[in-house]
Structures are given as C-alpha cells and as structure tokens.
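Here is a short briefing on one protein model. Please look over the sequence and the structure before reading the points.

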Amino acid sequence: MYRVLTRKTPYEPKPRSGRPRVTDIRSDRRIQRMALSQKMSVREITGASQLQISKKTFHRRLIESGYMIHAKTARRLPLSKLHISKRLQWARNQMSYGDKWMDVLFSDEKNGTSMDLTGI
C-alpha cells in the first residue's frame with residue numbers, strides 16, 4: 001500500500017487479457033437508442049446500422065444495457081365462482097346440440113380435403 005501511495009505516476013489498472021470489445025461506448029448507445037426509439041428488432045437494427053457486427057453482439061449489448069430483461073410471466077388468478085358457473089353453463093348448452101351436428105362441415109386441414117357428414 002505504501003508503494004502505491006508514494007508512487008510518482010498515477011496508478012492505472014493493467015489492461016485485461018482476452019479479446020477486445022468490437023463496439024465502443026458510443027456505438028453501444030446508438031444501438032440502445034435505435035432499439036428504444038424505433039422499436040426495431042435485432043435483425044432490423046443490424047441491417048440499418050453501419051456497424052459490421054453480428055446479431056448476437058447486438059443482442060448482448062441490449063441485454064447489457066438493461067433494456068431487455070428476461071422475466072417470468074406473472075401467474076394468472078384462479079377463476080372466480082361466476083366464471084366457473086358461466087363456463088359450465090356454456091358447456092351444458094353445447095352438449096344439447098343434438099342433430100345440429102349433422103349440419104356441421106368437418107374438414108381435414110392436413111390433406112386439404114373436406115368431408116360432409118350430411119349424406120351419412
């Protein structure tokens with residue numbers, strides 16, 4: 001500690017090892033501004049900016065800025081007694097559909113064909 005305090009030149013931390021960042025502070029702020037003001041997706045931002053960096057880098061910069069926060073979806077409240085009774089009533093009404101089902105046209109969307117049950 002004594003050597004640090006009596007040093008004639010100011011103390012500066014050594015540069016970190018590893019790959020240097022592709023973007024500087026200014027380009028990080030420009031990325032944030034584009035995402036906030038224009039409501040653009042990451043793909044649109046990469047196409048619109050003049051920076052030659054990947055989509056993953058853009059995404060990382062947005063996460064670092066705190067703009068994109070991953071959060072769980074809030075849980076829904078359970079159904080109230082009124083909603084339960086209305087749903088049950090609707091289901092009972094559908095059960096008494098009876099012969100009206102013969103007028104319904106069922107289609108098989110996978111094959112693109114439809115099947116009419118009126119002739120059966």
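Predicted model: local features only at pLDDT ≥ 70, side-chain atom pairs only at ≥ 80, totals over all residues.

The mean pLDDT of the protein is 77. Its secondary structure comes to 5 helices and 2 strands.

**Confidence**
- A pLDDT of 70 or more is reached by 84% of the residues.
- Among the elements, helix H5 (residues 81-95) has the highest mean pLDDT, at 89.
- Strand E2 (residues 113-116) has the lowest, with a mean of 51.

**Layout and contacts**
- Along the sequence, the pattern reads α-α-α-α-α-β-β.
- Take the contacts in the protein with a separation of 6 or more: 29% of them join residues 24 or more positions apart.

**Burial and surface**
- The protein has 120 residues, and 13% of them count as buried.

**Helix H4**
- Helix H4 spans residues 55-65, and its buried residues are Thr 57, Phe 58, Arg 61 and Leu 62.
- Seen down the axis of H4, these buried residues fall within an arc of 140°, so they line one face of the helix.
- What do the buried residues of H4 pack against? Their partners are helix H2 (25-38) and helix H3 (42-48).

Note on methods
Residues numbered from 1 in each chain as written. Heavy atoms only, no water. pLDDT = per-residue confidence, 0-100. Helix = DSSP H or I, 4+ residues; strand = E, 2+ residues; numbered from the N terminus. Buried < 20%, exposed > 50% of the residue type's maximum accessible area, 1.4 Å probe, protein only. Arc of directions from axis to C-beta. Contact = heavy atoms within 4.5 Å.
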